[in-house]
Amino acid sequence: MLARNYDNYAWEEQYQLPKADEEVKVKRAPVRETNRNLLAQISVIAFVIIATYLCAVVRSGTVMSAGNELVSLKEQEMQLINKNNELRIEVEQLKGPERIISIAESQLGMSVARSNIYVQAGHVKNNKVYALAGN
């Protein structure tokens with residue numbers, strides 16, 4: 001009986017050794033798990049930082065392109081304002097009485113009636129007063 005008890009004791013002792021290793025592994029597992037959790041947290045933080053950086057880059061690119069478009073529109077506006085001023089001067093020249101008289105005399109053979117010329121008399125308070133100049 002003693003031999004059997006000794007064999008059982010030896011057998012249980014060998015069987016218990018792996019349990020002791022498993023217990024050690026179980027005790028080490030939370031440390032590894034903590035490292036994994038820390039690694040996961042660091043990777044999430046890194047992802048958030050990179051995503052924020054990419055959003056900032058895209059946003060600055062959008063602002064830059066909008067600024068360039070604004071500058072080109074301002075240049076176009078200045079060109080159109082200058083062209084408009086040139087056209088106004090041209091319209092005033094075309095509407096001038098000298099041009100109309102020259103066209104009437106050269107192309108239509110007309111002449112100016114000297115008895116129907118009106119001249120504005122000085123700077124009077126009421127600009128509606130005209131003097132009749134006759135020849």
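This passage describes the fold, confidence and surface of a predicted protein model.

The model is predicted, so local features require a pLDDT of at least 70 and side-chain atom pairs count only at pLDDT 80 or more, while totals for chains, interfaces and linings use all residues. Residues are numbered from 1 along each chain as its sequence is written, and side-chain values use heavy atoms, with hydrogens and water left out.

The secondary structure of the protein chain consists of two helices and two strands. Their order from the N terminus is α-α-β-β. Helices (H or I, at least four residues) and strands (E, at least two) are DSSP runs, numbered from the N terminus. Helix α1 covers residues 2–95. Helix α2 covers residues 97–106, and strand β2 covers residues 130–132.

Confidence is given as pLDDT (the predictor's confidence in each residue, from 0 to 100). The protein chain averages 77, and 61% of the residues score at least 70. Helix α2 has the highest confidence, at a mean of 85. Strand β2 has the lowest, at 47. Over residues 127–135 the pLDDT is below 50.

Buried residues account for 1% of the 135 residues in the protein chain. Buried means under 20% relative accessible area, exposed over 50%, and partly exposed in between (1.4 Å probe, protein chains only). The accessible surface of the protein chain is about 13,100 Å². Carbon and sulfur atoms hold 60% of this surface. Areas come from the Shrake-Rupley method with a 1.4 Å probe; for residues, only the protein chains shown count as cover.

One salt bridge is found in the whole structure. The criterion is a side-chain nitrogen of Lys or Arg within 4 Å of a carboxyl oxygen of Asp or Glu. Lys 95 pairs with Glu 92, and their closest N and O atoms are 3.8 Å apart. Both residues lie in helix α1, three residues apart, about one turn of the helix. Lys 95 is exposed, at 55% relative accessible area. Glu 92 is also exposed, at 52%.

Ile 50, Tyr 53, Leu 54 and Val 57 make a nonpolar surface patch of about 410 Å². Patches comprise residues with over 30% relative accessible area and no salt bridge; like charges are joined within 9 Å, and nonpolar side chains (Val, Leu, Ile, Met, Phe, Trp, Tyr) within 5 Å. Tyr 53 lies in helix α1. Its relative accessible area is 56%, so Tyr 53 counts as exposed.

Ile 101 sits in helix α2. It is partly exposed, at 37% relative accessible area. Ile 101 and Val 112 are eleven residues apart along the chain, with their C-alpha atoms separated by 7.5 Å.

Key. Contact means heavy atoms within 4.5 Å.
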